[in-house]
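Subject: Structure for your review

Dear colleague,

Please find below the structure that I am handing over to you, with its sequence. My notes on what was found in it follow.

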Amino acid sequence: MSITENIKSILETLPETVTLVAVSKTKPVSDIQEAYDAGQRVFGENRVQEMTEKWEMLPKDIEWHMIGHVQRNKVKYMAAYVALVHGVDSLKLLKEINKQGKKQNRQISCLLQVHIAEEDSKFGFDEKELRKLLQDSNFSELAYINVKGLMGMATFTDDMKQVRREFKVLKTLFDLLKPFIEDFEILSMGMSGDYTVAIEEGSTMVRIGSSIFGARN
Ligand SMILES: *Cc1c(COP(=O)(O)O)cnc(C)c1O
């Protein structure tokens, strides 16, 4: 199937409340243009340099989401245009995003990444660290940051019971925090292999790459 057909068939299965982020990392600009021509406007990348090169070449009404782990020294390259940073996992990174947002005189929208997978390798806050962050006076002083929700990645496994359990943990945390944070409305969870489960568990934003663009090398 073509990129256009893949997007159409995924969109047919998504509730209207769920935003599709088309994950275009490693894929050429021509693939993104095809998705754009099919009506897709939100794209996710995991490397700042690659995203910036694509941003320069492609239509300016694309919403670029940084979904990968961000190094602090790279924030400045995307601060002028990035629409949402999904993988924020430290106060140090938040402070740097705030600093670059201030330079650009724009508020940068972020999601806090939560560690829900059993594997050790995944980045993110645990619940205790998250509570500590939200109570930190340094956090509330970040005027150029808009924390819009949470992001998480489930364990990479075929065991959908486990995946579901991990998504439930994230959703529970999201509901717990929502009353206390303004504009807290995005729950980014679900990829090609598990997005239907993620939606059943309350996802509002899915990040889908290979089911749209095909396998990556
Ligand atoms: C690559 C990536 C995705 C998309 O993965 P697919 O399995 O290709 O859909 C989603 N989220 C993050 C954080 C990624 O790095």
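In this predicted model, the lining of the second largest pocket draws at least two residues from each of helix H7 (137-140) and strand E6 (145-152). Strand E6 gives the largest share of that lining, with three residues. By class, seven of the lining residues are nonpolar, three are polar and two are charged. The space in the second largest pocket comes to about 220 Å³.

I turn now to the ligand. Around the ligand are Val23, Lys25, Ile67, Met151, Met153, Met191, Ser192, Arg207, Ile208, Gly209, Ser210 and Arg216. This shell is made up of six nonpolar, three polar and three charged residues.

In the side chain of Ser192, an N or O atom is 2.5 Å from an oxygen atom of the ligand. Gly209 places a backbone N or O atom 2.8 Å from an oxygen atom of the ligand, and a backbone N or O atom of Ser210 likewise lies 2.8 Å from an oxygen atom of the ligand. Of the 400 Å² that the ligand exposes when taken alone, the protein buries 89%.

With kind regards

How values were computed
Residues numbered from 1 in each chain as written. Predicted model: local features only at pLDDT ≥ 70, side-chain atom pairs only at ≥ 80, totals over all residues. Heavy atoms only, no water. Near = heavy atom within 4 Å. Polar contact = N/O pair within 3.5 Å; in protein donor to acceptor, adjacent residues only side chain to side chain. Areas by Shrake-Rupley, 256 points an atom, 1.4 Å probe, with all protein chains shown as cover. Nonpolar A, V, L, I, M, F, W, Y, C, P; charged D, E, K, R; others polar. 1 Å grid on protein atoms, 1.4 Å probe; cavity = no way out; pocket = protein on both sides within 12 Å on 5 of 7 lines; lining within 4 Å. Points joined across faces, edges and corners; volume = space filled by probe spheres on them. Helix = DSSP H or I, 4+ residues; strand = E, 2+ residues; numbered from the N terminus.
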